[in-house]
Amino acid sequence: MNDPRFRLNPAQAAELVAQFGTPLYVLDEATLRTTMRAYRASFEGRLSFAAKANPASAVLAIAYREGFGIDVASEGELRAALYGGVPAEACTMHGNNKSLAEIQFALSVGIGEIVADNFSELDKFIGLDFSMTRLLLRLAPGVDPITHEKISTGQEDTKFGFSISGGDAERAVKYCLDRGLPLVGIHCHVGSQLLEPSAQIAGGEALARFAVEMLTKYGWRCELLNVGGGLGVRYIHEEPMPIADYCASIVTAVKPILDAAGLDPVLAQEPGRSLVAEAGVTLYTVGAVKLAAGRRYVVVDGGLAENPRPALYGAEYAVERVLSHSDVSNLRPATELTPAPNPLLTGERMGLPTRLSGRHCETDTLIEDVDLPDDIQPGDVLQKLATGAYSSSMASNYNRYPRPATVLIRTTGDFVVIQRAETHDELLAREQVPADLLQTKERS
Ligand code: LLP
């Protein structure tokens, strides 16, 4: 099977571990650009990158240079795009509870588009300066995708968007027309990690039919029809639809409905995961190996904080050993001693199941039943594949671990840090201890 996921070779891994240590997020620029070009070659409409998947400013800069706009879901993501040299007019702001301050910031920098999610938000827009910004409505098309419930968003019972079948979508169009808001288009995003396109197609068709209805009823011409993101990636055995087929299937379904009514809006998509996931790996060092209750535990220096997806969605990943402890002990500074291999744990593991575990203070399983070599030892380095999306962007400081760096492998082969690791000082910088609590006196 052709496996396009990026993986490090041992020489690259050795250099990265020597320079940056672990845990470490790594992204491959060549894979990023190849995937972005595949989308561009397959889709005539407008493409934006959903920044939430990986909002490192350098990643947003690459996406922009590859011809993508940037979809941001907050002021923070917008600032990351601007910091990466993306002009505000190439950005679209989403979110189902944007604050007035966020909206004002976006308008003040001249954001290209804002997507309104509900009537409370539309009310906030009245009287604001939309002279540089176009308005879209997020619609709930009533489509139930096959994916984890936490990343299903197109169904009727959802916090997102104006319901088409319930009439809110039509009322929202009227609201904008009556108040002179610069409504240019409609949007939906039905779900994420979808391996086949029926949900996105159904969402796009619902939008197209709605656009036709609004033309007929109010003479409103939809100029932009955005079907969101959602295409899935290979984590373990998944076989997502090829990008070209996916894009073609959307256009083939949506275009005829629009053509028949003489509507010709720009079609738009905003993929996140499928642009970046397979370009990334996470490197870990094995810190402990132990046997318990007929199981082998392999414990790494990451887990819940650096990637909460297994805990949140039962997400699974492929992991492989890329360096053995003997390779690594030559690289580490002498102060960082690699523990000697435990002879009890080498050799046959007698068919015991192996659980890959994290270092946090709860049962943070990274992979339930993982295939790792029998002689896995503390000091071995593992790479977890397809972690370019929703890993670093969802990381936390649980147990007060500083968040790891992200290194980009440039197309020249050079390594550059695009997000440096946090430091303990940075974590402590937020602390404020009332002075009386610091006074030395007896505890009661
Ligand atoms: N557009 C909108 C409005 C979205 O809300 C999303 C993702 C996308 C585009 C991009 O979707 P993608 O192509 O990445 O599927 N944290 C979850 C994923 C949440 C996705 C939320 N919205 C995870 O780690 O699986």
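Predicted model: local features only at pLDDT ≥ 70, side-chain atom pairs only at ≥ 80, totals over all residues.
The structure holds four aromatic pairs. In one of them, the rings of Phe-119 and Phe-162 have their centres 5.0 Å apart. Their planes stand at 75°, so this pair is edge-to-face. Phe-119 lies in helix 6 (residues 119-125) and Phe-162 in strand 7 (residues 162-163). The pair therefore ties together parts that are 43 residues apart in sequence. Phe-162 has 2% relative accessibility, so it counts as buried.

Phe-119 also pairs with Tyr-175. Here the ring centres are 6.2 Å apart and the planes are at 55°, so the pair is tilted. Tyr-175 belongs to helix 7 (residues 168-179), so this contact with helix 6 ties together parts 56 residues apart in sequence. Tyr-175 counts as buried, because its relative accessibility is 11%. Phe-119, Phe-162 and Tyr-175 form one aromatic cluster.

## Charges over rings

A second case involves Tyr-317. Lys-384 lies over the face of that ring, at 4.4 Å from the ring centre.

## Helix 3 and the residue after it

Helix 3 spans residues 57-65. Its buried residues are Ser-57, Val-59, Leu-60, Ala-61, Ile-62 and Ala-63. Just after helix 3 comes Gly-67, with a positive phi of about 95°.

Technical notes:
Residues numbered from 1 in each chain as written. Heavy atoms only, no water. Buried < 20%, exposed > 50% of the residue type's maximum accessible area, 1.4 Å probe, protein only. Helix = DSSP H or I, 4+ residues; strand = E, 2+ residues; numbered from the N terminus. Phe/Tyr/Trp six-rings, centres within 6.5 Å; stacked < 30°, edge-to-face > 60°. Lys NZ or Arg CZ within 6 Å of the ring centre and 35° of its normal.
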